[in-house]
Amino acid sequence: MAEENEPPSILWLDMKTKKIIKKKKNGRLVDCWACPCCKPKVIASKITNANTGPKTWDLTPYQKERIGLPGAKWRLRDVGESHHNNPNASCSGSQYGEGWIDEKGKLVGLPAQFTSGYSYNGYMEIQQGCVQEDGSIKWPCP
């Protein structure tokens, strides 16, 4: 299993052709840890507020297997009201954690809960980001 700061090593099966998807470089097979079928997405969302509630978001339902796409990344962040109301708008809030999604689709390192300390609405999301060829991550919002 990969460490928390390393992507899992995975071979991908093309569902149409039933062939293993692999990369070749100079005639050699190389680790393909960027999923060719990954789509950035919101796994879950919740509005939190320390004064009006709910103050705490229980994240344990998202600590199971088969939550995300193996080889992708996850992050927990406040996306801001603008993005919450318009998914095409960029994110404006803070990030509160991130990690890899392991070979079983589990969000490695996701905490059991998020508790807001702010008296305004936090538009929280657990997002799945996709590793690109150049190693960058494509998220649902920049």
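Helices (H or I, at least four residues) and strands (E, at least two) are DSSP runs, and they are numbered from the N terminus. This is a predicted model, where local features need pLDDT of at least 70, side-chain atom pairs count only at pLDDT 80 or more, and totals for chains, interfaces and linings use all residues. Residues are numbered from 1 along each chain as its sequence is written, and side-chain values use heavy atoms, with hydrogens and water left out.

View 1. Follow the sequence and you get the pattern β-β-β-β-β-β-β-α-β-β-β-β. The chain has 142 residues, and 35% of them count as buried (buried means under 20% relative accessible area, exposed over 50%, and partly exposed in between, with a 1.4 Å probe and protein chains only). Now for contacts, meaning heavy atoms within 4.5 Å. Among those in the chain between residues at least 6 apart in sequence, 70% join residues at least 24 apart. The accessible surface comes to about 8,700 Å², and 47% of that belongs to carbon and sulfur atoms; such areas come from the Shrake-Rupley method with a 1.4 Å probe, and for residues only the protein chains shown count as cover.

**View 2. The largest nonpolar core, a set of 16 residues.** A nonpolar core here is a set of buried Ala, Val, Leu, Ile, Met, Phe, Trp, Tyr and Cys residues joined through side-chain atoms within 4.5 Å. Trp57, Leu59, Leu76, Leu107 and Ile126 touch the most other members. E5, E7 and strand E10 (122-131) are the elements that give two or more residues to this core, and E10 gives the most, with three residues. Take a look at isoleucine 126: leaving aside neighbours within four places in sequence, its contacts include Trp57, Leu59, Leu76 and Leu107, and also Lys41 and Arg75.

**View 3. Lysine 73, glutamate 98 and tryptophan 100.** The side chains of glutamate 98 and lysine 73 meet in a salt bridge, at 3.3 Å from N to O. Glutamate 98 lies in strand E8 (residues 95-100) and lysine 73 in strand E7 (residues 73-78), so the pair ties together parts that are 25 residues apart in sequence. The rule for a salt bridge is a side-chain nitrogen of Lys or Arg within 4 Å of a carboxyl oxygen of Asp or Glu, and by this rule the count comes to one. Lysine 73 counts as buried, at 11% relative accessibility, whereas glutamate 98 is partly exposed at 43%. The charged end of lysine 73 also sits over the ring of tryptophan 100, 4.9 Å from its centre (the rule asks for NZ of Lys or CZ of Arg within 6 Å of the ring centre and within 35 degrees of the ring normal).

**View 4. Glycine 105, in the loop between E8 and strand E9 (113-115).** Proline 70 is 35 residues away along the chain, yet the two C-alpha atoms are separated by 4.9 Å. Leaving aside neighbours within four places in sequence, glycine 105 is in contact with Lys64, Glu65, Arg66, Ile67, Gly68 and Pro70.

**View 5. Arginine 66, in the loop between E6 and E7.** Although arginine 66 is not a glycine, it has a positive phi of about 65°. Arginine 66 is exposed, with a relative accessible area of 77%. Leaving aside neighbours within four places in sequence, arginine 66 is in contact with Lys104, Gly105 and Lys106. From arginine 66 to glutamate 103 it's 37 residues in sequence and 9.1 Å in space, C-alpha to C-alpha.

**View 6. Proline 54 and isoleucine 47.** Proline 54 has its place in the loop between strand E5 (41-48) and strand E6 (56-58). The peptide bond from glycine 53 to proline 54 is cis, with omega near -5°. Isoleucine 47 is found in strand E5 and counts as partly exposed, at 34% relative accessibility. Leaving aside neighbours within four places in sequence, isoleucine 47 is in contact with Pro54, His84, Asn121, Gly122 and Tyr123. Between isoleucine 47 and tyrosine 120, 73 residues apart along the chain, the C-alpha atoms are separated by 9.7 Å.
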